Amino acid sequence: MNDSALIHSDIQQKWIHKFETIKETFQSRAAYNDIHSRFPYENIEWLVKEGYSKLTLPKSYGGEGATIEDMVILQSHLGAIDGATALSIGWHLSVVGQLYEQELWESPMLESFAEAVKQGALVNRAISEAETGSPTRGGRPASHAVETEDGYVLNGVKTFTSMSKGLTHFVVSAYSESLEQVGYYLVTKDMQGVEIADNWNMLGMRSTESHDLVLNDVHIPKENFVETRSAGVKKPNGWILHIPSVYLGIAQAARDYAVDFAKKHSPNSIEGCIGELPTVQQNIGKMESLLLSARHFLWSTAQLYTSEATPNVWNETSASKVLVMNQGLEVIDIAMRIVGAKSLEMDRPLQRYYRDMRAGLHNPPMEDMAYTNIAKSVLGLFE
């Protein structure tokens, strides 16, 4: 990835160097994990052992204190190595980063959860449901919480729970009839009634094992009711930029494979390699231009979050995901055209990059919602 001028912090340099040491190992597991829809346990274990799961935990809580910019750059690099691994750990990094930056929970809970993270805890939000569709559309969850004398009882089914079997904690959305509001409840994997459905069988991002989370009369203490949907002042969440970061990395991996192929492939119908053909050079130039614009837009958006003033980057944040996804899909399409029919061979990674990239279309924010919100901002229609 030709981005050395953009790498400037010690955290970035340290982790990029670490990633280089395990690049071949992670990549060697990717095809098997994809075919067998197997979670990359060894990869995540290495990341936790090395301290990557503490990346976005603030220094004041014993973490590494990475910025949104740090996370975006590092997730782009990790995504180029293995997309499923990067997307899985990215959800954890995003949740932790937002929790502590916006102080969404009470101080005692933040303190105790920070200790868990330092001990290797992994968390994701479990908010998607078959009945509501994308959670960004605001539907009320069918999952419900019933208040008891000493806490709450949760019941429901959550879909798209990425890293499900590797998680230790789930932040579950559920509707409370007594409170007449949607709340978020901290659930641990060892609580009675917590079950992973083992039903993830998708075309793309197969290795994330995003199975359904099933809650059957799960009893939690009162303090585990950690936040409400309307909690705090609504502000842009830059930590969600971990999503386009991963897909930028996947597009970069496709570009790298196609360029390497063009340098080496030499059919007997031509002299030299196909990389010397003007048409192939045009396609490589187009791929590179698409990646350059996507990278600079995404990384500059992330950099805005490091400014001292609260950034008003709603539009940039929404557009980042849409721009990276659409341009990334085009990059992979061009890469596959360069490689030709061989790109469809199952023992080559391009077909996996294509399938994984398509999965990103269905990660939040959804494209129509992003465009609508941007338009409302431009038209001055937000309250």
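**Close-up 1. Y52 and the residues around it.** Setting aside neighbours within four places in sequence, Y52 is in contact (heavy atoms within 4.5 Å) with W15, F19, L47, L74, Q75, L78, I89 and L93. This is a predicted model, in which local features need pLDDT of at least 70 and side-chain atom pairs count only at pLDDT 80 or more, while totals for chains, interfaces and linings use all residues. Residues are numbered from 1 along each chain as its sequence is written, and side-chain values use heavy atoms, with hydrogens and water left out.

**Close-up 2. The largest nonpolar core.** A nonpolar core is a set of buried Ala, Val, Leu, Ile, Met, Phe, Trp, Tyr and Cys residues joined through side-chain atoms within 4.5 Å. Buried means under 20% relative accessible area, exposed means over 50%, and partly exposed is in between, using a 1.4 Å probe and protein chains only. Which residues touch the most other members of the largest core? They are F19, Y52, L154, V187 and Y247, out of 84 residues. Helix α6 (residues 242–264) gives this core its largest share, twelve residues. Helices (H or I, at least four residues) and strands (E, at least two) are DSSP runs, numbered from the N terminus. Another core, of 18 residues, lies apart from the largest one and has A114, V117, V171 and L186 among its members.

**Close-up 3. S53, in a loop.** Look for S53 in the loop between α2 (41–50) and α3 (68–81). Is S53 buried or exposed? Its relative accessibility is 1%, so S53 counts as buried. Beyond its neighbours within four places in sequence, S53 is in contact with L47, V48, H92, L93, V117 and L122.

**Close-up 4. S207, in another loop.** S207 sits in the loop between β6 (194–196) and β7 (213–221). With 6% relative accessibility, S207 counts as buried. The side chain of S207 reaches the backbone nitrogen of D34 at 3.2 Å. Apart from neighbours within four places in sequence, the contacts of S207 are N33, D34, R38, F39, P40 and A84.

**Close-up 5. Y354 on helix α9.** Here we visit Y354, which belongs to helix α9 (residues 350–359). Because its relative accessibility is 36%, Y354 counts as partly exposed. Y354 and A251 are 103 residues apart along the chain, and their C-alpha atoms are separated by 8.7 Å. Leaving out neighbours within four places in sequence, Y354 is in contact with I332 and M336.

**Close-up 6. L381, after α10.** Finally, find L381 in the segment after α10 (367–379). L381 counts as exposed because its relative accessibility is 56%.

Technical notes:
A polar contact is a pair of N or O atoms within 3.5 Å; within protein, one must be able to donate a hydrogen and the other to accept it, and residues adjacent in sequence count only if both atoms are side-chain atoms.
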